[in-house]
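Please examine the model below together with the questions that accompany it. Each answer sets a value against the definition that applies.

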Amino acid sequence: MNKLCRQVSIESPGPGVKNCVFNFFVPIEDTPAHGARIKIVCAGACYRRRDRANSITSVSSVSSELSDYCPSVTSMSSPAHQGIREGSFFPGFEVAGVIESLGSEITEANNCGLRIGQRVIVYPFDETPAGYAELLVVPDLKYIVPIPDSMPMEEAAMLPTGALLAMHAVFKAEAVVTDILNQRAATDPNKKCKILIVGTGGLALWAVRIATYHFASTGAHNVDITVASLRDEGFRLATEIKNVSVVQWNECLYEPQLIERTKDVCGGAVDVVIDFGTTSRSLHRSMHCLSKGGVVLISEEVAEKLLPKFSRLSNEYQQEIIPISNGTVEQLAELVELVANKKIEPPPYSVFPCEQAAEVIQKLINSEIPGRAILRFHDIE
């Protein structure tokens, strides 16, 4: 470890500690023989729980998801201080940058078409280093996905986790939709399959954009998509998307009113729910909006906690709850192509210098930044 680099660590404050943003100079590993070292240009402001060892299961946008879902992780301790793990931040897993160096055993024959100075994003592999930093070590080139010169680094930084998880959820939903439509083909071929996407944070906005494009491009016209908006800002953003209905889940209303409102907008019970703001309350509501034999897709991160609580109810309603993982490197490469070719538009985002990390996090907590927040570490343009 012969080099130091700046790292920004964003954590939840502990007792008597108000500041949650820390700056360090940390040693950076030499470039692995079969890997690469990435100079980080942009990193998405995101959080991820680390309560399962070697897990890479979920990432959500602080700016868009924190007000929707703040999981309690009280068993964890901060590397900087003893902290309270309530909506804790583990940033730096959505990164875009350029290859600074390649390993000593990388040759023209095994470089996967990668070169020094190339613009890339990094798939969130197991043991991805935690924390924003100026440099990121990647042990194997298979985790590196090139991006075209035409793609802004800010947009690229949103793809490896939030957008990829949303894409994987849409693909899982497509498999369910295909089965449902095939079953109805003989008896009710004109009946549409209804999908409800819960939450209007970064994950849900990616999902609705990917879903509308994907189902249109595959010719699945018998699909209706509705977004259950959890916040006023999300309601406005969701209504800007064509051919998508929106229902507002105002938490001031009683559950029966919200369920009835949702069914009215959807034209009855739905067949598939993609719930990115999963709490016990939202999952219970989603299942009441779901038809018999329907499917709820939730992130793998929360499934371990919620599945035992809802197993009896899912059996009673003859519904299935399916956990969704982050997706694959191949799907990430496909996502890059779709966004680069303007077939899928990214959600709104704002870019800030990394030196403003403390101010940015405070604004995110207060919901003062619309869409995603991106921190810029270097300017290569």
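This is a predicted model: local features need pLDDT of at least 70, side-chain atom pairs count only at pLDDT 80 or more; totals for chains, interfaces and linings use all residues.

Residues are numbered from 1 along each chain as its sequence is written, and side-chain values use heavy atoms, with hydrogens and water left out.

Q: What share of the protein chain counts as buried?
A: Buried means under 20% relative accessible area, exposed over 50%, and partly exposed in between, with a 1.4 Å probe and protein chains only. Of the 381 residues of the protein chain, 56% count as buried.

Q: How many helices and strands does the protein chain have?
A: Helices (H or I, at least four residues) and strands (E, at least two) are DSSP runs, numbered from the N terminus. The protein chain has ten helices and 18 strands.

Q: Which residues touch the most other members of the largest nonpolar core?
A: A nonpolar core is a set of buried Ala, Val, Leu, Ile, Met, Phe, Trp, Tyr and Cys residues joined through side-chain atoms within 4.5 Å. The largest has 56 residues, of which Ile121, Leu159, Trp206 and Phe276 touch the most other members. Helix 3 (residues 159-184) gives the most to this core, with 13 residues.

Q: Why is this core said to lie between domain 1 and domain 2?
A: Domain bounds come from an automatic or database domain assignment. Domain 1 (4-51 + 88-158 + 348-376) and domain 2 (165-324) both give residues to this core, so the core lies between them. Apart from it lies another core, of 27 residues, including Ala45, Ile99, Tyr132 and Leu364.

Q: What shows that helix 8 falls short of a straight helix?
A: The expected span of a helix is 1.5 Å times one less than its number of residues. Helix 8 (residues 300-317) has 18 residues, and a straight helix would reach 26 Å, but its end C-alpha atoms are only 22 Å apart.

Q: Where does helix 8 bend?
A: The bend at a residue is the angle between axes fitted to the seven residues ending there and the seven starting there. In helix 8 this angle is about 55° at Leu307, and a proline, Pro308, follows within four residues.

Q: Why is Tyr213 called partly exposed?
A: The relative accessible area of Tyr213 is 25%, so this residue counts as partly exposed. Tyr213 is placed in helix 4. Contact means heavy atoms within 4.5 Å; beyond residues up to four places away in sequence, Tyr213 touches Leu338, Lys343 and Ile344.

Q: Why does Cys112 count as exposed?
A: Cys112 has 59% relative accessibility and therefore counts as exposed. Cys112 lies in the loop between strand 6 (95-102) and strand 7, and its phi is positive, near 55°, in a residue other than glycine.

Q: What makes Lys342 exposed?
A: Lys342 has a relative accessible area of 52%, so the residue is exposed. Lys342 is found in the loop between helix 9 and strand 17 (349-353), and has a positive phi of about 65° although it is not a glycine.
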